[in-house]
Amino acid sequence: MLTLLLLFGLAVVASVLIGTRTIGVGVFADFLLKRPVPDMEAAIIDQRLVRTLWAATIGAALALAGAGMQGVTRNPLGDPGILGVNSGAAFAVVFGIAFLGMESPASFAILAFVGAAVTSVLVYALASIGRDGATPVKLALMGAAISAGLGSFTSAFILQFSDALDSLRMWQLGTVAGASMENFFPGIFMLIAGALILVFSSKTINNFALGDDMAASLGENVALKRFIIFIGITLLCGTATSMTGPIAFLGLMAPHALRALVGPDYRLIIPLSAVFGAVLLMVADTVGRVIMPPEEVQVGVTMVLVGVPVFLYLVRFQKAVDL
Amino acid sequence: MKTAQHRQLTLNNVSLGYGAKTIVKDLSLEIPAGQMTAIIGANGCGKSTLLRGISKLLKPENGEILLDGKSIHSYPSKEFARTVGLLPQAPIAPDGITVADLVSRGRFPYQGLFKRNSAEDDEAVAWALQATHTMDLAEKQVTELSGGQRQRVWIAMALAQETDILLLDEPTTYLDLAHQVELLDLLCELNEERGTTMVMVLHELNLAARAAHHLVAMRDGVIESAGTPAEVMTSENLRSIFGLRASVHDPADDGSIVIVPDAREGRR
Amino acid sequence: MPAFTTHNSSPAQRVKDLRTRSHRRPRRAIAVLAVAVLAVFLMRVLLGSYTVTFPDFLTILQGGTVEGARGARFIVMEDKLPRAVLGLLVGMAFGASGAIFQLLLRNPLASPDVIGISTGASLGAVLGIVYWGATGFSLSIFAVVFSLLIAVGIMALSSGRGNVGHRFILMGIGVSALAGSIINYLISRMNLNSASSAALWMTGSLSSANWDRISILLLVLAVIVPFVVVLHSRLHAIAVGEELAHSLGLNVAITRWIFIVLGVLLAAVATAATGPIAFVAFVSGPIARRLIGGAHSLTASALVGAFIVLLADFIASNYIASGSMPVGVLTGVFGAPILIWLLVRAQKEAG
């Protein structure tokens, strides 16, 4: 726990200091203590602070969504991507560019959120058909089917409209480079709402881990609670995706790693996932700034570069994982 | 029906385990040929691990397991499969398979790369279905069956394999008492008629005593006691092996014993 | 049951009859599928925006020319027929590959699209386009080599004790994410033209069909398919669970590796020829299972794959306005609803 907070602090400092232009520790200290610093440095620190705030927020949101997803589907492979969030968002963005003439990043954000939310509701609704409701397996299968189908439509559009391809290929990398305080505010409320839902549901998720029948006999209204948690997940990852573009793998990996560290209790996993996710995304973003100078590599890419080896390690050396 | 041959299965100082964890320790055992042997013991004592060792699923860390004096690992896998069969605890029924097809899968060790089901295979499958009283179910999908029916079908598949030795890992789990008795009686019948050597892991002590000729009681990976049910099932053994306070009765005075757990304190 | 209690037949005869009966529906379904594939194949060759009569088609096949339509020979032999043949071959390869993985790993999600094989091929192709200006055949080589490298990597990482199948899927998903992200990055840095051709390739298209490509694919398939045919009963034997399969005398570990290699090869050579045609490997297995009554069948799955690809290509090249829509778009656009419908129906039946 302490280690995690320490890591968080280190990641914040590193994210502010390191970049194309490195800021000295002394200068940052001066800035924090409101002592005069050169304008150039002050501007950079300002911008980096905003960017760090974004990275931490988005990282926390995605990891929370992933933890919720894995808990509610009882599937260690649970990832918001399963609900088709990323493919839905990409489809909506491309559709907006191709047919609605949208061009600005702000309109992309709205499109992405609508696409993500509609898709996940659709996945959930279709998976709910049948007596036993939206069981984990049905959710996973339906999500994969709908994602793949939307992916095909996305391909169709980008092959027909090259400006759609041009925008999509940048958008789909996922980046926090365009962070600004103005764009932060509408989203953050939705993120907080989603986070609250998940944090207050962590006990319920623990009950879900025992199986639907057991959870019901412990007094949970399984269908209702599952739906509420699902709303929380959709708010979190839909908003996060709309703010930065798709950032894959964080939602899958953060709770996975934490389960290895702190055990199966979601009352710990959920809040710690948020911290851990924030750390991961800040680190990935910082790495992306220096890995291929002078250019920046988008955080969506570095996240995967950092995340996959860790994930492979976990799969290789952890005890049997059930699908 | 092909009668089974009596094959000698011997374990000499066998240790079995997973990685660094040794579960069965330095165990020596002679399986009586042509008889029913039941392995009993508390959970985690190494019963199932022992069965995995005998069926070649697990290589011994130490010692040797001999079939007719030859290490079981020196037999080619199909020849071994025609001699020793295993019914695991949780076999998986392939999707969309009928009972007849599933039981026919037991003939795999008799079929080559190109050989289809022969008349001999059909004979064996028909016998297995009749012996387990599942001929009437033969056309059904395995998924449609009840627990008891399904378990009989799995036994039929193991029988179609026509092995001399049959290993069964808790064949009565998930069955109600009546079906447990029915299934064990079926196994006894097969043992008497065909002479198949059977080694089974059982949890229910009274049923084990009723079905088996020979009991092997294990604790912490070693054999605590072995012999006839009357020899093994004493109240002292039950206490030391299972931590169970019980009295052993022989109501008919013919060696068919019954175990009765002691009454709860304060209820005497 | 009573219909079958013929008292004069021996129990063994009855078992034989029962087996024949239980194989009747799958056999019939496979026969119908084969006819359907043939029909859609001929439809692809003969009908559409340029129609050829069947007698003319035979004449052309025998090397003759059609009176009054000298161009017909060229259109059939250099465009319509190679596209149809290539579609048939890759459709079958994708269908069989998907069915192998789904049966072997006992997981409906375990198709080559999901576990990194297709993404590996795409990464190879994109790297080839970016750094070596690869096109056509050399592009295929890149795709095959990369998907094999990735598959071997996943296999090596997931081997060992315990549940290899689950580990294989997990690692595949991870590696797939990695490859996908590298692809996205590379595409974002290309010029728009290269990005377009990469996107086109990754959708999967039959437009590059020619006889050279077909003969290479045929040659490779001629090596792989006999193995699949001879060994497929072992694949089915694994389906009773590892322990039981082992006690039936099957070497489970070796059989599993053989089929992973065969499945990867099928998917890789097909991907190399056309790009990863979306969804075919994923849906063919489940659709085939519904058609033949629940059991797994590589043959039925291969036929479903061929049917989907041929039909999608027919529609794409004749009924989509721009005329240049790659087949992969259509397979996804139609495949997804079919799969969703199948899933919903299965859920309703269960409920």
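Analyst: Let's start in the sheet. Strand 1 (residues 9–18) of chain B and strand 4 (residues 62–67) of chain B run antiparallel to each other, joined over 5 bridges. Two strands count as paired here if DSSP finds at least two bridges between them. Helices (H or I, at least four residues) and strands (E, at least two) are DSSP runs, numbered from the N terminus. In that pairing, S15(B) sits opposite N62(B) of strand 4 of chain B.

A word on the ground rules. This is a predicted model, where local features need pLDDT of at least 70 and side-chain atom pairs count only at pLDDT 80 or more, while totals for chains, interfaces and linings use all residues. Residues are numbered from 1 along each chain as its sequence is written, with chains lettered from A and ligands numbered from 1 in the order in which they are written.

Back to the sheet: it is open, has 4 strands in the order 2-1-4-5 (chain B), and pairs antiparallel. Strand 2 (21–31) and strand 5 (70–71) of chain B are the edges; each has a single partner strand, so one side of each has no neighbour in the sheet. Helix 1 (residues 47–54) of chain B lies across strand 1, strand 2 and strand 4 of chain B, at about 115 degrees to strand 1 of chain B. For that angle, axes are lines fitted to C-alpha atoms, for helices over the stretch in contact, and angles run from 0 to 180 degrees between N-to-C directions.

Strand 2 of chain B also holds D26(B), which has a positive phi of about 50 degrees although it is not a glycine. D26(B) counts as partly exposed because it has 13 C-beta neighbours inside 10 Å. The scale goes like this: buried means 20 or more other C-beta atoms within 10 Å of a residue's own, exposed means 12 or fewer, and partly exposed is in between, with C-beta atoms placed from the backbone. E170(B) is not a glycine either, and its phi is positive at about 45 degrees. You'll find E170(B) in the loop between strand 7 (165–169) and helix 6 of chain B. With 18 other C-beta atoms within 10 Å, E170(B) is partly exposed.

Now zoom out to the whole chain. Chain B splits into domain 1 (1–83 + 163–268) and domain 2 (91–162), with bounds from an automatic or database domain assignment. Over C-alpha atoms, the centres of domain 1 and domain 2 of chain B are 25 Å apart. Their contact takes 14 residues from domain 1 of chain B and 14 residues from domain 2 of chain B; residues are in contact if their C-beta atoms, placed from the backbone, lie within 7 Å. On the domain 1 side, helix 2 and helix 6 (177–194) of chain B are the elements giving two or more residues, and helix 6 of chain B has the largest share, 4 residues.

Finally, the neighbouring chain: 36 residues of chain B are in contact with 28 residues of chain C. On the chain B side, helix 2 (77–81), strand 6 (84–87), helix 3 (99–104) and helix 4 (119–131) each supply at least two residues. Helix 4 of chain B gives the most, with 7 residues.

Technical notes: Contact = placed C-beta atoms within 7 Å.
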